[in-house]
Amino acid sequence: MSMTTLADELNGLNRRDLLAAGLAVSIAALAGCAGSAADSAPSPSATAHTVTDFLGETTIPVQPQRVVADSVSIYAHLFALGITPVAAALPGGISTSYFAPKNDPIRNVVADDGWTIDLEKALALDPDLVVAVGADYNTDNCQRYRAAVSTYCFEEGYRDIDEVKRNFLALGAALGRSDQALDAIADYDAKVADAKERLVPKLGEIGPVGVVRFDSGGFIGIRRDDIHNAVFDSLGLSEPEWPPAGESGYVELSLESLEVLNGAQTLFVTTDDDVDIDETKVFSSRIWRQVKPVAAERAFFVGAWNGSDLLQLNRMVDDLVAAVS
């Protein structure tokens, strides 16, 4: 599909409602990005069309029915588009509880390496499409999946909200779900606008906001330049002047260096889904209780903030508002 053709299609959608919802990127800009995801306009009777993804041109079903996702964020993106995958590759400790019905568990086709798709298991489900993260670290896997089944490797943003929106819209266009993508983006923007209105009177009380992550292996760290930082900024929240991050992207901490967290007036504590807070010794330690926002009862457990999909962004906003309201 050409860029002009997609722009015409998007302009035919409910433009007034989208603008009223405060969509951060113009319709024209969104159409320009989505144009790179859907390069050939399929005829009404077509069953497949050519799109461009992270690896280049590829042919995928116009309306895929049996989709396999290679991560929880891809699964969430599909779910937001109204598509429930037949399977997903879900690492240990990663849950779909923030968006998927608990009584409808997804079939897990994670490989022995703990994070990629086990193709043998996936192919046994007769999928018509695999959707995977398009990134340098995942290129070999994308090529491997594509050799076995129709695959769309979509470039997933994880630091910038507008990037997440643009890529999500591109995915929606490729899968014939542009309407659903625009609706989901508009709903998110409306949620942010409402949250900002509720938080403004509390900004003095909230003060500088920090996020510290604890995983099941004992890792403690402050993530820098991640999607939650962009969410804070969109809500008018400030952050402390943290030390520089290391190669991991985190300011890595230990029990002995938790005083770094004193720079935050309000602290959000994220843990992986397999972490039992009641059994984690650090949270009952004297050192933890002496951290200033903890002592002031300004530390809030918000579960796992893993991933940068649109539903995860909704979860972050909801968690933030619920904690400080």
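Student: What stands opposite Thr270 in β11?

Tutor: Gly303 does. Bear in mind that this is a predicted model.

Student: How do β10 and β11 pair, parallel or antiparallel, and over how many bridges?

Tutor: Parallel, over four bridges, with β10 covering residues 266-271.

Student: What order do the strands of the sheet have?

Tutor: The order is β9-β8-β7-β10-β11. The sheet is open, has five strands, and its pairing is mixed.

Student: Which strands stand at the edges?

Tutor: β9 (250-253) and β11 (299-303). Each has a single partner strand, so one side of each has no neighbour in the sheet.

Student: How much are neighbouring strands turned against each other?

Tutor: By 30° on average, ignoring direction.

Student: Which strands does helix α10 touch?

Tutor: Helix α10, residues 227-234, packs on the sheet and touches β7 (209-214), β8 (220-223) and β10. The direction of α10 makes about 155° with that of β7.

Student: And α13, where does that lie?

Tutor: Across β10 and β11, at about 150° to β11.

Student: Switching to helix pairs. At what angle do α8 and α13 cross?

Tutor: Roughly 15°, and their axes come within 10 Å. Angles under 35 degrees count as roughly parallel, so α8 and α13 are roughly parallel to each other.

Student: Is that crossing left-handed or right-handed?

Tutor: The crossing of α8 and α13 is left-handed.

Student: Which residues meet there?

Tutor: From α8 (178-199), they include Ile185, Tyr188, Lys191 and Arg198. Those in α13 (310-324) include Leu313, Asn314, Val317 and Asp318. The residues of this contact divide into eleven nonpolar, one polar and three charged.

Key:
Residues numbered from 1 in each chain as written. Predicted model: local features only at pLDDT ≥ 70, side-chain atom pairs only at ≥ 80, totals over all residues. Heavy atoms only, no water. Axes fitted to C-alpha atoms, helices over the stretch in contact; angles between N-to-C directions. Helix = DSSP H or I, 4+ residues; strand = E, 2+ residues; numbered from the N terminus. Parallel < 35°, antiparallel > 145°, perpendicular 65-115°, else oblique. Left-handed = near helix turned anticlockwise from the far one by under 90°. Contact = heavy atoms within 4.5 Å. Nonpolar A, V, L, I, M, F, W, Y, C, P; charged D, E, K, R; others polar. Pairing = 2+ DSSP bridges.
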